[in-house]
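My entries follow in the order in which I made them.

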Amino acid sequence: MESVKSQSYEVFVNELGEAALNQHVAKRGYSKIFVLVDENTKKFCLPQFQKMFEHSIDDIFEIESGEENKHIQTCLKVWEFLSNEDGDRKSLLINLGGGVLTDLGGFVASTFKRGIDFINIPTTLLSMVDASIGGKTGVDLGSLKNQIGVINQPQMVLVFPSFLETLESRQVTSGFAEMLKHGLIKDQEYWEQLKTNEDFVDAKSIQKSIAIKNEVVLQDPTEKGIRKILNYGHTLGHAIESYCLENYDKKTLLHGEAIAIGMILEGYLSHELTGLSKLALEDIKQTFLKHFEKVEFDGNDIDAILKLLKYDKKNSHGDINFVLLQSIGVAVTDIKVPENLFDKAFAYYKE
């Protein structure tokens, strides 16, 4: 299986990754090698990683898993650890974990000593097909998603689908939402294939999703234009995710679960504003509801979620900008949505 080449790094799948990692480290002569894990990846993934890694690790630092720990206080602990362990500008940080850990670890590495090398080894489906690819790093500000961060590319990304065997099925399904999104925004044939593919964690589908995201990022590394299409479902999805994080009486949604709702809602907006057919809209809704349980939102919930939209990173000059679909496989950016459509979108979701 070939690697996926990005601007300054490559994404390697399976045994290619093992060889590339050891070759890279041998060539670069790092002064220190640190590994960042959480309590889950330390237990389930670190032993496998240590077997494949031919070089000595200077130290391993463990952070707590979960979106609620993706904040600047956790960064402080990692920065202090790197400093106390005599990390310098020739150090390497290997991020072994899901999207929270690769986002945070990438941000820590990008800012420690004004930037040290880092390598992402994603261990969840979500991080394999989305979070670890494309150079977006960062942390949340309170419950507001990804407000602090930089775009900075890793040295390489290594994908080992065997790590997915350590996950509960809910985590795997969460990542599947991003794979479905890749079909919706760029490749109708891939969307159709995924809909009928019960075993969506196969290496071929994972690599296809990585290739779609990478192709978009290559055209627009700093998200000035086409890269915005990767945010389909995320404008409302992030607001829903933030709201559920903030409100302890609500079920905390995984990223993919919130984005799945966002894609149905933004599918409705696409039908109203950008020409998505009723048939395609129903297809989107039924596909996501097949994999993701419907979540109940009352009027107060919806009002609070809509208030959070103003914090979305994609906003400009006070306008809330949406990525919508013209058809399955064709997305358009920077669409302004009349406020009266939001309640209608939620009503459609609840039907």
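**Entry 1. Salt bridges, overall**

I worked from a predicted model. I began with the charged pairs and counted 16 salt bridges. The background to this search is that side chains of opposite charge can pair when their charged atoms come close. I then took several of the pairs one by one.

**Entry 2. E10 and K5**

I found a salt bridge between the side chains of E10 and K5, with 3.7 Å from N to O. I next asked how accessible each partner is. E10 has a relative accessibility of 26% and therefore counts as partly exposed. K5, at 55% relative accessible area, is exposed.

**Entry 3. D117 and R28**

Which parts of the chain does the pair of D117 and R28 link? I first confirmed the salt bridge itself, in which the side chains of D117 and R28 meet at 3.2 Å, N to O. The partners are 89 residues apart and belong to distant parts of the chain: D117 lies in strand β6 (residues 117-122) and R28 in helix α1 (residues 15-28). I noted that D117 is buried, because its relative accessible area of 17% falls under the 20% limit. R28 is partly exposed, with a relative accessible area of 41%.

**Entry 4. D103 and K70**

I looked up a further salt bridge, between the side chains of D103 and K70, with an N to O distance of 2.7 Å. This pair also links distant parts of the chain, 33 residues apart. D103 is in helix α5 (residues 99-111), while K70 is in the loop between β4 (59-63) and α4 (72-84). Are D103 and K70 buried or exposed? D103 is buried at 12% relative accessible area, and K70 counts as buried at 2% relative accessibility.

**Entry 5. The network that includes K213**

I then searched for salt bridges that share partners, and found that they join D130, E178, K181 and K213 into one network. Setting aside residues up to four places away in sequence, I listed what K213 touches: V129, D130, I133, H182 and L230.

**Entry 6. Helices α11 and α14**

I turned to helix packing. Helix α11 (residues 255-273) packs against helix α14 (residues 340-350) at an angle of about 120 degrees, and their axes are 9 Å apart. α11 and α14 are therefore oblique to each other. I recorded the crossing of α11 past α14 as right-handed. On the α11 side, the contact is made by I261, I264, L265, Y268, L269, E272 and L273. On the α14 side, I found L341, F342, K344, A345, F346, Y348 and Y349. How many residues of this contact are nonpolar, polar and charged? I recorded 12 nonpolar, no polar and 2 charged residues in the contact of α11 with α14.

**Entry 7. Helices α11 and α12**

I then examined α11 against helix α12 (residues 278-291). Their axes come within 9 Å and cross at roughly 170 degrees. An angle over 145 degrees counts as roughly antiparallel, so α11 and α12 are roughly antiparallel to each other. I listed A260, M263, I264, G267, Y268 and H271 in α11 as meeting K278, L281, I284, K285, F288 and L289 in α12. By class, these residues divide into 8 nonpolar, 2 polar and 2 charged.

**Entry 8. Helices α7 and α8**

For helix α7 (residues 169-186) and helix α8 (residues 188-196), I found axes that come within 6 Å and cross at roughly 145 degrees. The residues of α7 that take part are F176, M179, L180, H182, G183, L184 and K186, and those of α8 are Q188, Y190, W191 and L194. The contact of α7 with α8 has 7 nonpolar, 3 polar and 1 charged residues. I noted that H182 of α7, which takes part in this contact, is also among the residues that K213 touches.

**Entry 9. Y311**

Last, I looked up Y311, which lies in the loop between α13 (299-308) and β10 (321-327). Y311 counts as partly exposed, because its relative accessibility is 37%. Apart from neighbours within four places in sequence, Y311 is in contact with L144 and Q147. I also checked Y311 against N231: the two are 80 residues apart along the chain, and their C-alpha atoms are separated by 15 Å.

Key. Residues are numbered from 1 along each chain as its sequence is written. This is a predicted model: local features need pLDDT of at least 70, side-chain atom pairs count only at pLDDT 80 or more; totals for chains, interfaces and linings use all residues. Side-chain values use heavy atoms; hydrogens and water are left out. Axes are lines fitted to C-alpha atoms, for helices over the stretch in contact, and angles run from 0 to 180 degrees between N-to-C directions. Helices (H or I, at least four residues) and strands (E, at least two) are DSSP runs, numbered from the N terminus. Angles under 35 degrees count as roughly parallel, over 145 as roughly antiparallel, 65 to 115 as roughly perpendicular and the rest as oblique. A crossing is left-handed if the near helix is turned anticlockwise from the far one by less than a right angle, and right-handed if clockwise. Contact means heavy atoms within 4.5 Å. Ala, Val, Leu, Ile, Met, Phe, Trp, Tyr, Cys and Pro count as nonpolar, Asp, Glu, Lys and Arg as charged, and the others, Gly among them, as polar. Buried means under 20% relative accessible area, exposed over 50%, partly exposed in between (1.4 Å probe, protein chains only). A salt bridge is a side-chain nitrogen of Lys or Arg within 4 Å of a carboxyl oxygen of Asp or Glu.
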